[in-house]
Amino acid sequence: MRHLRTALASAIAGLGLVATLGAAPGAAAAPAPTAPSASTSDTVAAYTGSSENAAANRAFYDAVMKSVAEKRAADPGAQAVTVTYSASNAPSFRSQIASSTRIWNSSVSNVRLQEGSNADFRYYEGNDSRGSYASTDGHGRGYIFLDYRQNQRYDSTRVTTHETGHVLGLPDNYSGPCSQLMSGGGPGPSCTNAIPDANERYRVNSLWRYGFAAATS
């Protein structure tokens, strides 16, 4: 994607923790800072979401819309928009990232994930009290952070596929059922579903097919 001359504020959306705003776009150029792991009780309590999380979801969606607009403008005739990622900074999760990529590429048709150079977003791993989360400015400087502790407690492929869903424009819905990928950790650790449901697939396809018109209207 083309680089903007002015930086946009990043938006963060997590699997099961309250999302926050305001990280600089340049933060994706280096691994996310590590922090002490949150207690299990704190993590579970945060699954209810908050007004800050709702604001982050909206800002994240707006950033993705700008990304769609740039991708579509660069190649308006393309059937699918290609979004490139790097997994080099998350070697422990290479298998889960590959599974997440296969799941999304087989579930939607208007956007395709592909590992490669000049990445639009990157995966990182480590310890963070916020758990796993995705952050993007919508212009090729995004990243997904995969938290060790959370990936031990919850199904790791579901965590990874959920966070990748944010990059594709989906918000959290912690109150949803296990069959809904973006319900994240809401259904509890016993939920291992890593497949987006029909509504989630439709939303991603619509966004990456029609996002350009919506973002420029």
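User: Which residues form one aromatic cluster here?

Analyst: In this predicted model, look for rings that pair up. Tyr124, Tyr133, Tyr143 and Phe145 form one aromatic cluster. The count of aromatic pairs comes to seven.

User: How do I read the geometry of a pair such as Tyr124 and Tyr143?

Analyst: Take two values: the distance between ring centres and the angle between planes. Planes over 60 degrees apart count as edge-to-face. For Tyr124 and Tyr143 the centres are 5.8 Å apart and the planes stand at 85°, so this pair is edge-to-face. The pair also links distant parts of the chain. Tyr124 sits in strand β4, Tyr143 in strand β6, and 19 residues separate them.

User: Is Tyr124 buried or exposed?

Analyst: Under 20% is buried. Tyr124 has 3% relative accessibility, so it counts as buried. Tyr143 has a relative accessible area of 5% and is buried too.

User: What is the layout of helices and strands in the protein chain?

Analyst: Count the elements, then read their order. The protein chain has six helices and six strands. Along the sequence the pattern runs β-α-α-β-α-β-β-β-β-α-α-α.

User: How many of the 217 residues count as buried, as a percentage?

Analyst: The figure is 52% of the 217 residues. Surface composition is a second view. The accessible surface of the chain is about 9500 Å², and carbon and sulfur atoms hold 51% of it. Contact range is a third. Take contacts between residues at least 6 apart in sequence: 69% of them join residues at least 24 apart.

User: Which residues touch the most other members of the largest nonpolar core?

Analyst: The largest nonpolar core has 29 residues. Ile97, Trp104, Phe121, Tyr123, Val204 and Trp208 touch the most other members. Next, ask which elements supply the core. Those giving two or more residues are α2 (51-74), β2 (81-89), α3 (94-107), β3 (111-115), β4 (121-126), β6 (142-147), α5 (156-167) and α6 (198-216). The largest share is four residues, and it comes from β2.

User: Where is Trp208, and what does Trp208 touch?

Analyst: Trp208 is in helix α6. At 2% relative accessibility, Trp208 counts as buried. Leave out residues up to four places away in sequence. Trp208 then touches Val64, Ser67, Val68, Arg72, Val81, Val83, Asn110, Val111, Val167 and Leu168. Trp208 and Arg112 are 96 residues apart in sequence, but their C-alpha atoms are 9.9 Å apart.

User: How do I check the length of a helix such as α3?

Analyst: Compare its end-to-end C-alpha distance with the expected span. α3 has 14 residues and reaches 20 Å, close to the 20 Å expected at 1.5 Å a residue. The 12 residues of α5 should span 16 Å, and its end C-alpha atoms are 17 Å apart, which agrees.

User: Why do residues three or four places apart in an α-helix point the same way?

Analyst: An α-helix has 3.6 residues a turn, so residues three or four places apart point the same way. Now look at burial. In α3, the buried residues are Gln96, Ile97, Ser99, Ser100, Thr101, Ile103, Trp104, Asn105 and Ser107. α5 is mostly covered, with 11 of its 12 residues buried. Among them are Arg158, His162, Glu163 and His166.

User: What polar contact does the side chain of His166 make?

Analyst: Check position and cover, then look for a partner. His166 lies in helix α5. Its relative accessibility is 0%, so His166 counts as buried. The His166 side chain joins that of Asp172 in a polar contact of 3.1 Å. Backbone angles are worth a look as well: just after α5, Gly169 takes a positive phi of about 110°.

User: Which residues is Asn193 in contact with?

Analyst: Asn193 lies in the loop between α5 and α6. Set aside its neighbours within four places in sequence. Asn193 is then in contact with Arg158, Cys178, Ser179, Gln180 and Leu181. A polar atom of the Asn193 side chain lies 3.0 Å from the backbone oxygen of Cys178. Asn193 and Thr157 are 36 residues apart in sequence and 8.5 Å apart in space, C-alpha to C-alpha.

Conventions: Residues numbered from 1 in each chain as written. Predicted model: local features only at pLDDT ≥ 70, side-chain atom pairs only at ≥ 80, totals over all residues. Heavy atoms only, no water. Core = buried A, V, L, I, M, F, W, Y, C linked by side-chain atoms within 4.5 Å. Buried < 20%, exposed > 50% of the residue type's maximum accessible area, 1.4 Å probe, protein only. Polar contact = N/O pair within 3.5 Å; in protein donor to acceptor, adjacent residues only side chain to side chain. Expected span 1.5 Å × (residues − 1). Contact = heavy atoms within 4.5 Å. Areas by Shrake-Rupley, 256 points an atom, 1.4 Å probe, with all protein chains shown as cover. Phe/Tyr/Trp six-rings, centres within 6.5 Å; stacked < 30°, edge-to-face > 60°.
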